[in-house]
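Student: Hi! Could you walk me through this model? I'd like to ask about a few spots as we go.
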Amino acid sequence: MYIHQKQLLFPVQVRNQNPSYAAAVLEQFGGANGELKACLQYFVQSFATPDPAIKDLLLDISTEEISHLEMVGECITQFMGPPDPDPSLMGGQDVEMASEAMTLSQAENSINQMINSNSTLQKSVILGGHGPLLTDSSGSPFSGNFINSVGDLLSNLQSNLAAELRARKVYEELHRHIADPGAREMFDFLIQREEAHASLFEEAIERVQDMQPEASFGDKEYSKMYPDLSKGGPGADQFKLSPDARVISGPFSGDPDSDTFGGPNPPMPQ
Ligand SMILES: [Fe+2]
């Protein structure tokens with residue numbers, strides 16, 4: 001059961017209207033690394049999560065993410081500004097063309113600017129009826145394909161950790177490019193919250209690894225082989241699987257004991 005409180009998680013108060021900024025912030029509304037993606041990903045994963053503590057963590061963070069989505073939607077709405085004024089209140093010869101802007105001449109300028117500068121902006125202002133669309137900043141619609149969930153808890157948690165880091169990166173870019181102090185305060189808050197979630201997912205990953213020490217991972221012959229297939233250059237010999245890891249430079253024969261562990265390169269096809 002979900003209950004909505006009529007209060008934002010953190011106050012959002014942009015200083016000046018700016019539809020271009022609104023279009024940019026859409027990236028975190030309906031984009032691949034946005035708040036709805038995070039919310040739904042953790043929510044979906046929670047159903048089949050066997051560990052009650054991790055299931056609770058997923059639902060806690062999922063619920064916070066929809067609060068982030070609410071903040072982002074509020075930010076976009078403030079950047080968009082209020083709907084067009086009532087045409088009947090306008091005076092002058094342009095009064096009849098007041099549906100998308102105050103006057104005919106202003107409307108032409110405004111719409112041409114939108115079309116020339118940003119198609120998402122055009123959609124949001126005109127087709128979206130002045131409300132934020134569930135798209136990314138390029139106007140591509142939100143997709144369930146953004147959601148990563150599989151029946152492996154460790155995989156899910158690591159995907160969630162990566163999702164938090166990606167969300168943080170997008171907020172850092174928005175912070176860098178949007179010169180509105182109010183929006184920047186929100187981005188700064190959300191960056192810190194994504195970092196908090198990342199830390200929690202890291203802890204959950206350690207918990208799963210500690211609880212499943214017997215799980216078979218990386219302890220069989222083929223899982224201890226290093227593929228030295230990108231030859232030469234300054235990056236050689238940087239990574240080692242384990243002290244007894246062996247290097248493989250050719251195709252597998254199917255027999256771990258006779259494979260080309262550091263042996264000669266395989267003959268090249270003629
Ligand atoms: Fe978030």
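This is a predicted model: local features need pLDDT of at least 70, side-chain atom pairs count only at pLDDT 80 or more; totals for chains, interfaces and linings use all residues.

Student: Good to know. Where does Y42 lie, and what does Y42 touch?

Tutor: Y42 lies in helix α3. Helices (H or I, at least four residues) and strands (E, at least two) are DSSP runs, numbered from the N terminus. Not counting residues up to four places away in sequence, Y42 touches L58, I61, S62, E65 and N160. Contact here requires C-beta atoms, placed from the backbone, within 7 Å.

Student: How do α3 and α4 cross?

Tutor: The axes of α3 (residues 35–46) and α4 (residues 52–80) come within 8 Å and cross at roughly 160 degrees. That makes α3 roughly antiparallel to α4. Axes are lines fitted to C-alpha atoms, for helices over the stretch in contact, and angles run from 0 to 180 degrees between N-to-C directions. Angles under 35 degrees count as roughly parallel, over 145 as roughly antiparallel, 65 to 115 as roughly perpendicular, and the rest as oblique.

Student: And which residues make that contact between α3 and α4?

Tutor: Among them are L36, C39, Y42 and F43 of α3, with L58, I61, E65 and L69 of α4. The residues of this contact of α3 with α4 divide into eleven nonpolar, four polar and three charged. For those classes, Ala, Val, Leu, Ile, Met, Phe, Trp, Tyr, Cys and Pro count as nonpolar, Asp, Glu, Lys and Arg as charged, and the others, Gly among them, as polar.

Student: What angle do α4 and α8 pack at?

Tutor: α4 and helix α8 (residues 181–211) pack at about 165 degrees, with their axes 11 Å apart. They are therefore roughly antiparallel to each other. The contact includes I54, L57 and M71 of α4, along with M186, L190 and L200 of α8. The residues of the contact of α4 with α8 divide into ten nonpolar, two polar and one charged.

Student: What residue takes a positive phi just after α4?

Tutor: That is G81, with a phi of about 85 degrees.

Student: Switching to α7: is E164 buried or exposed?

Tutor: E164, in helix α7 (residues 153–177), counts as buried because 23 C-beta neighbours lie inside 10 Å. Leaving aside neighbours within four places in sequence, E164 is in contact with E194, H197, A198 and F201. The C-alpha atoms of E164 and H197 are separated by 6.8 Å, and the two are 33 residues apart along the chain.

Student: Last one: how many helices and strands are there overall?

Tutor: The protein chain comes to eight helices and two strands, in the pattern α-α-α-α-α-α-α-α-β-β along the sequence. Buried residues make up 27% of the 270 residues.

How values were computed:
Residues are numbered from 1 along each chain as its sequence is written. Two residues are in contact if their C-beta atoms, placed from the backbone, lie within 7 Å. A residue is buried if 20 or more other C-beta atoms lie within 10 Å of its own, exposed if 12 or fewer, and partly exposed in between; C-beta atoms are placed from the backbone.
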